[in-house]
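Please study the sequence and the structure before reading each solution.

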Amino acid sequence: MSTTVAAYAAPAAGAPLERTTVERRAVGELDVLIDIAFVGICHSDIHQARAGWGAAIFPMVPGHEITGVVAEVGPGVTAFAVGDRVGVGCMVDSCRTCENCVAGLEQYCTGGGPVWTYNSLGRDGQPTYGGYSKQVVVDQHFVVRVPDALALDAAAPLLCAGITTYSPLRHWQAGPGKKVAVVGLGGLGHMGVQLAHALGAEVTVLSQSLRKKDDGLRLGADHYHATADPATFEQLKRSFDLILNTVSAPLDFAAYFSLLRTDGAMVNVGLPEEPVLVRLQSLGGLRRSMSSSGIGGMAETQEMLDFCAEHGVAAEIELIRADQVNEAYERVLASDVRFRFVIDTATI
Ligand code: NAP
Ligand code: ZN
Ligand code: ZN
């Protein structure tokens, strides 16, 4: 039998979120029912709740940085038991058989998926609803274990901000001897700095101002520069192997490419609502590359959580009540968060 659970939803594009209820499907053979404890507010929630990335499904219950405790498991579930501390990120299903799914890259499923945690249609044709709610039912394949060393509230943002920065840092081999710049010190950026530092890279923050400099250095950055200061671009010319851009708005890309060394790469995980303009000459000169990356696969997400537990890495959060969500959205849009809002779902 399906259950009715309390949730916060945007009734229409750009409308304030309000308390409502959603139906969760009956726990199936391979499903896990999770009592959600905490859910992070990702900038992607805001893009989508305002239909900034195009048509979206309303009412929308955002939230894909979910942690909680297993309340019930289906008869075929082998990986989890009642009482386990778990997390759910940006996806809840995929085809499991395409080349990418088989390779552990479920986020790049080419078999009609992935099914996103919200603002998506499940394989049953029903809209998915995210983590700004009391409970969620998810196939065990898309559930990860939160190590005991990580608190459930500070672990929630790892499920998106953590994996979205960990995956490209690993793919582009951030590590000892590599100079990595992280652009934007928000939710993703503050994870990127901690993870790149823990991986052994020399880390530079490129933020709009020096307002968060003390925090950036405390999080593990070796250097910190303001992008509003033109001298920054002169001083850092041709210095980075990798630039991880987490900014939610378009940038002057040529200026950032000029900071890359020969064969350097700029990976854009920030997903602005507008298309961006790039002059290819600014890449070709030194065989630089520009790319993008989406979250990470399920095995890699578990690897990231274990890595965070081992290295004492977690999100720095501001815990809020659910009725503060609209105010929190405005503060994220104003880059006024250190560094992730997390909703205590007991207040929904
Ligand atoms: P966030 O907390 O708002 O952080 C973005 C940061 O970018 C801000 O803190 C600010 O940093 C900087 N910034 C904002 N507006 C700017 C502007 N106009 N010019 C220059 N810098 C600006 O957002 P987030 O949750 O980290 O998400 C960032 C982006 O990543 C969003 O577009 C989101 O949708 C996307 N995302 C992508 C994936 C993926 O899989 N690829 C996953 C999650 C999120 P400073 O104050 O330091 O300048
Ligand atoms: Zn996200
Ligand atoms: Zn697939």
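Helices (H or I, at least four residues) and strands (E, at least two) are DSSP runs, numbered from the N terminus. This is a predicted model, in which local features need pLDDT of at least 70, side-chain atom pairs count only at pLDDT 80 or more, and totals for chains, interfaces and linings use all residues. Residues are numbered from 1 along each chain as its sequence is written, chains are lettered from A and ligands numbered from 1 in the order in which they are written, and side-chain values use heavy atoms, with hydrogens and water left out.

**Exercise 1.** Identify the protein donors of the zinc ion (ligand 3) and the geometry of its site.

*Solution.* 
1. Donors are N, O and S atoms within 2.8 Å of the metal (3.2 Å for Na, K and Ca).
2. The SG atoms of Cys95, Cys98, Cys101 and Cys109 lie 2.3 to 2.4 Å from the ion.
3. Their spacing along the chain is C-x2-C-x2-C-x7-C.
4. Cys95 lies in the loop between strand 6 (91-93) and helix 2 (99-102), and Cys109 in the loop between helix 2 and strand 7 (115-116), so the pair ties together parts that are 14 residues apart in sequence.

**Exercise 2.** State which elements each supply at least two residues of the lining of the largest pocket.

*Solution.* 
1. These elements are helix 1 (43-49), helix 5 (187-198), strand 11 (202-207) and helix 11 (325-333).
2. Helix 1 provides the largest share, four residues.

Terms used:
Tetrahedral: all angles 85-135°; square planar, octahedral: opposite > 155°, others 65-115°.
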